[in-house]
Amino acid sequence: MADETARPLISLLVPIYNVEKYLRECLDSARNQTLEDIEVICINDGSTDSSPDIIREYMTADGRFRMIDKENSGYGSSMNMGLDAARGEYVGILESDDFLDANALEEMYKAACDADADVVKADFYLYWSQPEPRDERFGWVAKEKAGLNNPQEDDTVYYLKPSIWSAIYKRPFLESNDVRFLETPGASYQDAGFNFKVWTSAERVVLLDRAYLHYRQDNEASSVNSPGKVYCVCDEYAEMLRYLDARPEKKERLLPVLVKMRYDSYMWNYERLSEPLQREFVMRMAEDFRKEDAAGITDYDLFEPWKRADRKFIMDRPDLFHLQRTEHAKPGKLNTAKRYYEMGGFPLLLDMVKNKIGH
């Protein structure tokens, strides 16, 4: 466990695996933070490139850098080791191919202190380095939601992209609520369960309508052809259900939320898979969706009209859903309209238009 006798303001966890190409830019951004009272914990997950040597360079030059050097065991294991080693009042996460603006931790920490926050969550940039460096603001934090929020009263944050690395978390909050990572092999979806546990437990969340983190898109390592990763997302949702089972006072309210989250995550996973793996996974989707409906925990009012239609279609005819999805995969609004007209006629198309206008 952490040594409380030497407590920096923030512990920044940097999980690292064979990322020598981007690591110096990442660690430079940590070293150059205007908030100086931090520690940077680099968790080397058995890298076989020069990443460990690069980490040692920073450790030699700056005593705030530490390294956990371990055999390869996956992202979840690395992050839990980092959480155990952290000594800071707050904990942040910086992926080793991303980087931070210099004022990131100082401004997030100030917001945390001003509100005595469990979590401070900021927006982030999508970043491309080629052909020319380019940032695009993601828009995670809506202007009307900026400020102090309570996820126990407003479910909005549950449906947004898990982006655990543009936030800081009060360390005692994580520990007292057993917010940890599922230790599955590799690096697939472990942020989803962590994200859910945070929102399930937090009552004081500051959302900042500012972006500090540059989320690299050039290094998007896809798992589309990896059969071993097809069902990792299912493991995460089993872990979320376990977490709710241990908190019965929250289970009734959050089960329908989790059903909606599962649909979105399963669809995202499905779209990333290669075609043969898509055909396999859509059957699992149908099975899990049917179980939720049979248990009476699905609230279709939480679903956008086209998602309601897709979900019911998957349950009824997963094979035909996949066939139609493949045939109408070409980009363009006309293809989308044609597909949903075939599924639900003009009433579904009208619902879709009304929903889009409302958003």
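Predicted model: local features only at pLDDT ≥ 70, side-chain atom pairs only at ≥ 80, totals over all residues.
## Overall make-up

The protein has 359 residues, and 53% of them count as buried. Its secondary structure consists of 12 helices and 10 strands.

## Helix α7 and its cover

Helix α7 runs over residues 232-245, which is 14 residues. From first C-alpha to last it reaches 20 Å. That is close to the 20 Å expected at 1.5 Å a residue.

The buried residues of α7 are Cys232, Val233, Cys234, Glu236, Tyr237, Glu239, Met240, Tyr243 and Leu244. Two glutamates, Glu236 and Glu239, are on that list. What covers these buried residues includes three helices: α6 (190-201), α8 (248-272) and α9.

## Helix α9 against α10

Helix α10 spans residues 305-316. Its axis and that of α9 come within 8 Å and cross at roughly 105°. The two helices are therefore roughly perpendicular to each other.

On the α9 side, the contact residues are Val282, Met285, Ala286, Phe289, Arg290, Glu292 and Asp293. On the α10 side, they are Arg311, Ile314 and Met315. By class, this contact has 6 nonpolar and 4 charged residues, with no polar ones.

## Helix α9 against α11

Helix α9 covers residues 275-294, and α11 covers residues 318-327. Their axes come within 9 Å and cross at roughly 135°. The crossing of α9 and α11 is right-handed.

From α9, the residues in contact are Glu275, Gln278, Arg279, Val282, Met283, Ala286 and Arg290. They meet Pro318, Asp319, Phe321 and His322 of α11. The contact of α9 with α11 divides into 5 nonpolar, 2 polar and 4 charged residues.

## Helix α8 against α11

Helix α11 also packs against α8, at an angle of about 55°. Here the axes are 13 Å apart. That makes α8 oblique to α11. The crossing of α8 and α11 is right-handed.

Met267, Tyr270 and Glu271 of α8 meet Phe321, His322 and Arg325 of α11. By class, this contact has 3 nonpolar, 1 polar and 2 charged residues.

## Lys260, a buried lysine

Lys260 lies in helix α8. Lys260 has a relative accessible area of 3%. Residues under 20% count as buried, so Lys260 is buried.

Leaving out residues up to four places away in sequence, Lys260 touches Tyr159, Leu302, Phe303, Glu304 and Lys307. Among them are a glutamate, Glu304, and another lysine, Lys307.

## Gly74, a buried loop glycine

Gly74 sits in the loop between β3 (65-70) and α3 (75-85). Its relative accessibility is 3%, so Gly74 counts as buried.

Outside the four places on either side in sequence, Gly74 touches Asp45, Thr184 and Gly186. Gly186 is 112 residues away from Gly74 in sequence. In space, the two glycines are 4.3 Å apart, C-alpha to C-alpha.

## Backbone points to check by eye

Two residues other than glycine have a positive phi. Asn18 has a phi of about 50°. Asn18 lies in the loop between β1 (10-16) and α1 (20-31). With a relative accessible area of 31%, Asn18 is partly exposed. For Asp178, phi is near 55°. Asp178 lies in the loop between α5 (171-176) and α6. Asp178 is partly exposed too, with a relative accessible area of 38%.

The peptide bond joining Gln130 and Pro131 is cis, with omega about -5°. Pro131 is found in the loop between β6 (119-128) and β7 (134-137).

Terms used
Residues numbered from 1 in each chain as written. Heavy atoms only, no water. Helix = DSSP H or I, 4+ residues; strand = E, 2+ residues; numbered from the N terminus. Buried < 20%, exposed > 50% of the residue type's maximum accessible area, 1.4 Å probe, protein only. Contact = heavy atoms within 4.5 Å. Axes fitted to C-alpha atoms, helices over the stretch in contact; angles between N-to-C directions. Left-handed = near helix turned anticlockwise from the far one by under 90°. Nonpolar A, V, L, I, M, F, W, Y, C, P; charged D, E, K, R; others polar. Expected span 1.5 Å × (residues − 1). Parallel < 35°, antiparallel > 145°, perpendicular 65-115°, else oblique.
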